[in-house]
Amino acid sequence: MVVSLERWQGKVAVVTGSSSGIGAAISEKLVEAGVIVVGLARRKERLDELAVKLKDKAGKFHPIRTDVSKEEDLLRAFEWVEANLGAVHVLVNSAGLRKPTNLVEGSTEMWREIIDVNVLGLCVATREAVRSMRKHHVDGHVIHVNSLAGHRVLWFAESSVYPASKHAVTALTETLRQELNAIGSKIKVTSISPGLVDNEFRQVSGVAEIDGGAAIQSEDVAHATVYVLGTPPHVQVHELIIRPVGGKY
């Protein structure tokens, strides 16, 4: 099987959470490969910095300030894509959130923030991307950046709701596959589930010591994204789990 991104050159990819970490690494790899990337995130200054970094690459990076937890922001972003670039060919749902809260005495507001980003935001972005693909008759690709926590619950302090949100992503990946099959669509869907990733999310989430500190890099997840996008149209990598060598989980 030959892996190539040639079919996506000049096509449009929407990447959420692209201001840092995995989302930024994926955006960079795609732009380098000649893809037109629309980067969505709350921190516009980070997006602008990435746009400057990528200005001389084969593709192009369009930064759009978007709070993925707000449906109106996502709708506005996809409307901009339709008006200025046309069809969405690829969606990468990379935005993710973990808050230090548990179930027995946790914060309802923190629970809501986690679900709004990790589940509802992913659902809205997926709906809008698939709607664009179908409108323009595009056999596109939807990629969810999931987590090892979406397949097994690894207990560590104040992280009781995050695994539930990622288990939802695992279910939603299969739900989308079945829905697309039911309507005869050739749009592909993939869940990429990394273990601990050594990036900003790791630090702000307070999970640096889980798995003995063994970790992969954001670039490793970006390479995995390139791999699944580069498979032939008849091949669907439904789930890809990536663990650090030496990790316990």
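Which residues are exposed on the other side of α2? In the predicted model examined here, local features require pLDDT of at least 70 and side-chain atom pairs pLDDT 80 or more, whereas totals for chains, interfaces and linings use all residues. Residues are numbered from 1 along each chain as its sequence is written, and side-chain values use heavy atoms, with hydrogens and water left out.

On that side of α2, E49 and V52 are exposed (over 50% relative accessible area; buried is under 20% and partly exposed in between, with a 1.4 Å probe and protein chains only). Helix α2 spans residues 44-53, and L47, L50 and A51 in this helix are buried. Viewed down the axis of α2, these buried residues fall within an arc of 105° and so line one face of the helix; the arc is taken from the directions from the helix axis to the C-beta atoms. Their cover includes α1 (21-32), β2 (36-41) and β3 (60-65), contact being defined as heavy atoms within 4.5 Å. Helices (H or I, at least four residues) and strands (E, at least two) are DSSP runs numbered from the N terminus.

A total of 10 salt bridges was counted, each being a side-chain nitrogen of Lys or Arg within 4 Å of a carboxyl oxygen of Asp or Glu. One of these joins the side chains of E82 and K135, with an N to O distance of 3.0 Å. Since E82 belongs to helix α3 (residues 71-84) and K135 to helix α4, the pair ties together parts that are 53 residues apart in sequence. E82 is partly exposed, at 29% relative accessibility, while K135 is exposed, at 54%.

A network of salt bridges links E71, R127, E128 and R131. R131 and E128 both lie in helix α4, 3 residues apart, or about one turn of the helix. E128 is buried at 10% relative accessibility, whereas R127 is partly exposed at 37%.

The largest cavity holds about 40 Å³, the volume being the space filled by probe spheres set on the points, which are joined across faces, edges and corners. Its lining (residues with an atom within 4 Å of a point) includes T16, V68, N93 and K166. Helix α4 (residues 108-135) supplies the largest share of this lining, 4 residues.

Definitions and conventions
On a 1 Å grid over the protein atoms alone, a cavity is a set of points where a 1.4 Å probe fits but cannot get out, and a pocket is an open set with protein on both sides within 12 Å along at least five of seven lines; lining residues have an atom within 4 Å of a point.
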